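Subject: Structure handover and notes

Hello,

Here is the structure you asked about. My notes on it follow below.

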Amino acid sequence: MNRLTTSQGEFDLARFPENPRDPLRAWDAADEYLLRRLEGAEGSEPVRPDGTVAVVGDRWGALATALAAHSPVVITDSYLARQATRANLERNGAASDSVRVLSVRDAPPERVDLLLVRVPKSLALLEDQLHRLAPAVHEGTVVIGTGMVKEIHTSTLKLFERIIGPTRTSLAVKKARLIFCTPDPSLPRTPSPWPYRYTLPDDVGAVSGRTVTNHAGIFCAERLDIGTRFFLKHLPERTGPDRVVDLGCGNGVVGTAAALANPGAAVTFIDESYRAVASAETTFRDNTAPGAEADFLVGDGMADVPPESVDLVLSNPPFHSHQAVTDATARSMFHGARAALRQGGELWVVGNRHLGYHTQLRRIFGNCVTVAGDPKFVVLRAVKR
Ligand SMILES: C[S@@+](CC[C@H](N)C(=O)[O-])C[C@H]1O[C@@H](n2cnc3c(N)ncnc32)[C@H](O)[C@@H]1O
């Protein structure tokens, strides 16, 4: 945990799940710059929130916690961000109902008077978020975006221009930049181009030629990932009433392939992204028989799966958390998979060869074999004994 000092107050903040050894802070210079600007630093007039404040894409709840006195509506696609926001509010004594946290499944507020946008890594996600919020923005809405310089491109500013109105940026401070956007209600309201559907190639086993649905911002939303493609060619061939988990399911292509290859299987799709789980549900329903058995969970890895209840876990684990490269999530997923597997159950993982997942799997499971490999990827199997 670390302490954020701002003119709004001092706040103890942590990421989620909280890990005392995690060196990464729950905020960055972009959050600090925005909070300073709201208080009138940098020689500007303070922004006095009046009416509905919406905070989009707050990474770990730093903005929501610092602005809790204004009862903001927080809109996020991330379960981890949602949990972090709740924990940080509680840790800093904010009333549990001071902040409303919405996901993509909830309708956005009807009117927003101050819109604060933490620019996401994915341009598509920003596009979809702005489209969803544009109807709530009016001539008097103050719109401020924030991000690290490396996250803000000409294409980012063009999106604000096209969907909300004229846009300019601030000077960079500590490698962060603000975006100021003046709403133009006369701009034509166009629908979001998301979700996007594409057809899979013909060499990916049970899902060959099938169509997958992708909501904005999910992993490989516009084309099949090459690691996933390799995985689809080497999935286990099993029959019978398996309980299968597609862990970190993205658009659900892996779990759908498992269900099509083994109609006796019941698949649980898990992701920490609400949009990913919504995508997986559509992909699965579009490609399987009506009533095919499956569950769709938004959550942190295997945390909500009962111990010793699963026969097979399939995963292409993440190795990024926002801009940071980390194997912490993969490691925690491997531990979670082991706990959820029955004796004899298997975890199958695809990963870049250089990530060295086999070392971790051997440490956690006591065994690991390479099922398939090419110069770039390996498919690994670890068995719970
Ligand atoms: C490399 S992508 C794989 C997506 C999909 N299985 C595929 O192969 O196309 C990893 C996925 O893990 C999800 N993820 C990241 N952290 C997670 C967590 N703590 N719990 C569950 N899912 C997580 C990401 O949102 C992302 O969809």
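Which residues does Asn 88 touch, not counting residues up to four places away in sequence? Asn 88 touches Asp 12, Leu 13, Ala 14, Trp 60 and Thr 65, where contact means heavy atoms within 4.5 Å.

Before the rest, two points on how to read the values. This is a predicted model, so local features need pLDDT of at least 70 and side-chain atom pairs count only at pLDDT 80 or more, while totals for chains, interfaces and linings use all residues. Residues are numbered from 1 along each chain as its sequence is written, and side-chain values use heavy atoms, with hydrogens and water left out.

Asn 88

Asn 88 sits in helix α3, residues 79-91; helices (H or I, at least four residues) and strands (E, at least two) are DSSP runs, numbered from the N terminus. With a relative accessible area of 0%, Asn 88 is buried (buried means under 20% relative accessible area, exposed over 50%, partly exposed in between, with a 1.4 Å probe and protein chains only). A polar atom of the Asn 88 side chain lies 2.9 Å from the backbone nitrogen of Ala 14. The side chains of Asn 88 and Arg 91 also make a polar contact, at 2.4 Å. A polar contact is a pair of N or O atoms within 3.5 Å; within protein, one must be able to donate a hydrogen and the other to accept it, and residues adjacent in sequence count only if both atoms are side-chain atoms.

The ligand

The ligand is surrounded by 16 residues, and the closest are Thr 228, Gly 248, Asp 271, Asp 300 and Gly 301; a residue is counted here if one of its heavy atoms lies within 4 Å of the ligand. By class, this shell has 6 nonpolar, 7 polar and 3 charged residues. In that scheme Ala, Val, Leu, Ile, Met, Phe, Trp, Tyr, Cys and Pro count as nonpolar, Asp, Glu, Lys and Arg as charged, and the others, Gly among them, as polar.

Backbone atoms come up to the ligand at several places. A nitrogen atom of the ligand is 2.8 Å from a backbone N or O atom of Gly 301. A ligand nitrogen is also 3.2 Å from a polar backbone atom of Glu 272, and one is 3.5 Å from a polar backbone atom of Gly 299. Taken alone the ligand exposes 590 Å², and the protein buries 91% of that (Shrake-Rupley method with a 1.4 Å probe; for residues, only the protein chains shown count as cover).

The core and helix α1

The largest nonpolar core has 70 residues, of which Leu 116, Leu 232 and Leu 314 touch the most other members. Such a core is a set of buried Ala, Val, Leu, Ile, Met, Phe, Trp, Tyr and Cys residues joined through side-chain atoms within 4.5 Å. Helix α1 (residues 29-38) gives the most to this core, with 6 residues. Leaving aside neighbours within four places in sequence, Leu 232 is in contact with Val 204, Val 207, Leu 224, Val 253, Val 254 and Ala 257.

Why is α1 largely enclosed by the rest of the structure? Because 9 of the 10 residues of α1 are buried. Among them are the charged residues Asp 31, Glu 32 and Arg 37. The buried residues of α1 pack against β1 (2-6), α2 (62-66), β6 (112-118), β7 (137-148) and β9 (176-181). At the start of α1, a side-chain oxygen of Asp 28 comes within 3.1 Å of the backbone nitrogen of Ala 30. Just after α1, Gly 40 takes a positive phi of about 90°.

In strand β6, Leu 115 counts as buried at 0% relative accessibility. Its contacts, leaving aside neighbours within four places in sequence, include Ala 54, Val 56, Leu 133 and Val 137.

Lys 384 lies in the segment after β20 (377-383) and counts as buried, at 5% relative accessibility. A polar atom of the Lys 384 side chain is 2.8 Å from the backbone oxygen of Leu 341.

Asn 367 is in the loop between α10 (357-365) and β19 (369-373) and is buried, with a relative accessible area of 11%. The Asn 367 side chain reaches the backbone oxygen of Phe 365 at 3.1 Å and that of Val 383 at 2.8 Å.

Regards
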